[in-house]
Amino acid sequence: MTTATTPGQGPLTGVRVLELAGIGPGPFAAMLLADLGADVVRVDRPGGPGLAINPAYDVTNRNKRSVIVDLKAPDGAARVLDLAAHADILVEGYRPGVAERLGVGPEACHARNPRLVYGRMTGWGQDGPLAERAGHDIAYIALTGTLGMIGTPGEAPAVPANLLGDYAGGSLYLVVGVLAALHHARVTGVGQVVDAAIVDGTSHLAAMIHGMVAAGGWQDRRGANLLDGGCPYYGTYETADGRYMAVGALEPQFYDEFVRVLGIPEHADARKDWTRWGELREAVAARFKSRTRDEWTAAFDGTDACVAPVLSLAEAPHHPHLAARGTFTDHGGITQPAPAPRFSATPTAVRTGPARPGADTEDVARDWDVPELSKDVNR
């Protein structure tokens, strides 16, 4: 096992990851591996990928190093295969068949490195009628039924940014997959291909809901269930200043505390009586509208009512609890989430800022013992 030259921090220290540059879930998955201590080398293309933000602010490229390789050049594939020969994991997010056409598909890589874990990140997966179709997060989660669960009855489904599909159903499942395959490779000496499709992962996230539907405990429509806003004591409410509070008082003892602090004791018995949920919702909404978000935050402070203010991205790092835990960190002038989860013996950290395309080519050529790579620097 080789060791990266960047400071060793995290349980994946010594693991080498080769990332073929893309956008969205692939880079985020590679960032997570880098946060956990892996030496992640990102192969950027000349000119960069589409939809890319200014590299100086792309925190999904933190803790990585970058080289530039033109895969369409005559020797481009050879440079990537040289790197793959020294890697433990490869991550790519091309449409099915593209990596093969570029000469860096699984067969070519495994010919150089049989132990390699080859991680493939796509929306539709490597096979199926839509496999070669273009798409983005919103289309993937639409087909899985998860998008249709979110929002207000009678209105269009609410769009959960690209968190549910790209990152939860995509990146996190890819990371789980490549780490499981890495364990297998180290035990058996045999690498394999990990097919991480957003449609698969997002569907998998809804496993509990599918079970509840089968048991008759969940209606297959928006805003009609315990956890989708249909329940008046699990949802969000506007306050007097146009902000919002989030309520999750599901259990009896939490609900009792909730109605007590909110000041609606006459509704203490409405929790299980769904015929009274309409009047309960109106009462809760009216009470929250009577004070500002900060006033209600103070009122519920120190209670077990399971009520919290809905904060903005800019406000979140300053919340006392998140500040005390160091949930966010400042690095290079950018406030960003700190690595997660946390480890007692192998702590993680933001070691370096976003990798600048091509900035690390000579260092990687030396550290990974790929001398031919450095010839691309002065081209």
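## Confidence of the model

The structure is a prediction, and its pLDDT averages 94 over the protein. A score of at least 70 is reached by 96% of the residues. Residues 1–7 are a stretch where pLDDT stays under 50. For residues 1–7 the model has 11 contacts beyond four places in sequence.

## Helix H1

Helix H1 spans residues 25–35. Of its 11 residues, 10 are buried, so the helix is largely enclosed by the rest of the structure.

After H1 comes Gly37, which has a positive phi, near 110°.

## Salt bridges

The model contains 19 salt bridges. One of them pairs Arg112 with Asp82, with 3.1 Å between the closest N and O atoms. This pair connects distant parts of the chain: Arg112 belongs to helix H4 (residues 106–112) and Asp82 to helix H2 (residues 76–84), and the two are 30 residues apart. Asp82 is buried, with a relative accessible area of 15%, while Arg112 is partly exposed at 40%. Side chains of opposite charge can pair when their charged atoms come close.

A second salt bridge joins Glu257 and Arg260, with an N to O distance of 3.1 Å. Here both partners sit in helix H9 (residues 252–262), three residues apart, or about one turn of the helix. An α-helix has 3.6 residues a turn, so residues three or four places apart point the same way. Arg260 is exposed at 53% relative accessibility, and Glu257 is partly exposed at 23%.

## A further pair and a network

Glu279 and Arg276 form another salt bridge, their closest N and O atoms lying 3.5 Å apart. Both partners are partly exposed: Glu279 has a relative accessibility of 40% and Arg276 one of 21%. Elsewhere, salt bridges with shared partners join five residues into one network, namely Asp39, Arg65, Asp363, Arg366 and Asp367.

## The second largest pocket

The second largest pocket has a volume of about 550 Å³. It is lined by 20 residues, and those closest to its centre are Thr152, Asp228, Gly229, Gly235 and Thr236. By type, the lining consists of 11 nonpolar, six polar and three charged residues.

Strand E7 (234–238) and helix H10 (277–288) each contribute at least two residues to the lining of this pocket. E7 gives the largest share, with five residues.

## Arg133 in its loop

Arg133 lies in the loop between strand E5 (117–122) and helix H5 (137–144). Arg133 is exposed, with a relative accessible area of 53%, a value over the 50% cut-off for that class.

Leaving aside residues up to four places away in sequence, Arg133 touches Arg95 and Trp124. Gly123 is 10 residues from Arg133 in sequence, and their C-alpha atoms are 9.3 Å apart in space.

Key. Residues are numbered from 1 along each chain as its sequence is written. This is a predicted model: local features need pLDDT of at least 70, side-chain atom pairs count only at pLDDT 80 or more; totals for chains, interfaces and linings use all residues. Side-chain values use heavy atoms; hydrogens and water are left out. A salt bridge is a side-chain nitrogen of Lys or Arg within 4 Å of a carboxyl oxygen of Asp or Glu. Helices (H or I, at least four residues) and strands (E, at least two) are DSSP runs, numbered from the N terminus. Buried means under 20% relative accessible area, exposed over 50%, partly exposed in between (1.4 Å probe, protein chains only). On a 1 Å grid over the protein atoms alone, a cavity is a set of points where a 1.4 Å probe fits but cannot get out, and a pocket is an open set with protein on both sides within 12 Å along at least five of seven lines; lining residues have an atom within 4 Å of a point. Grid points are joined across faces, edges and corners, and a volume is the space filled by probe spheres set on the points. Ala, Val, Leu, Ile, Met, Phe, Trp, Tyr, Cys and Pro count as nonpolar, Asp, Glu, Lys and Arg as charged, and the others, Gly among them, as polar. pLDDT is the predictor's confidence in each residue, from 0 to 100. Contact means heavy atoms within 4.5 Å.
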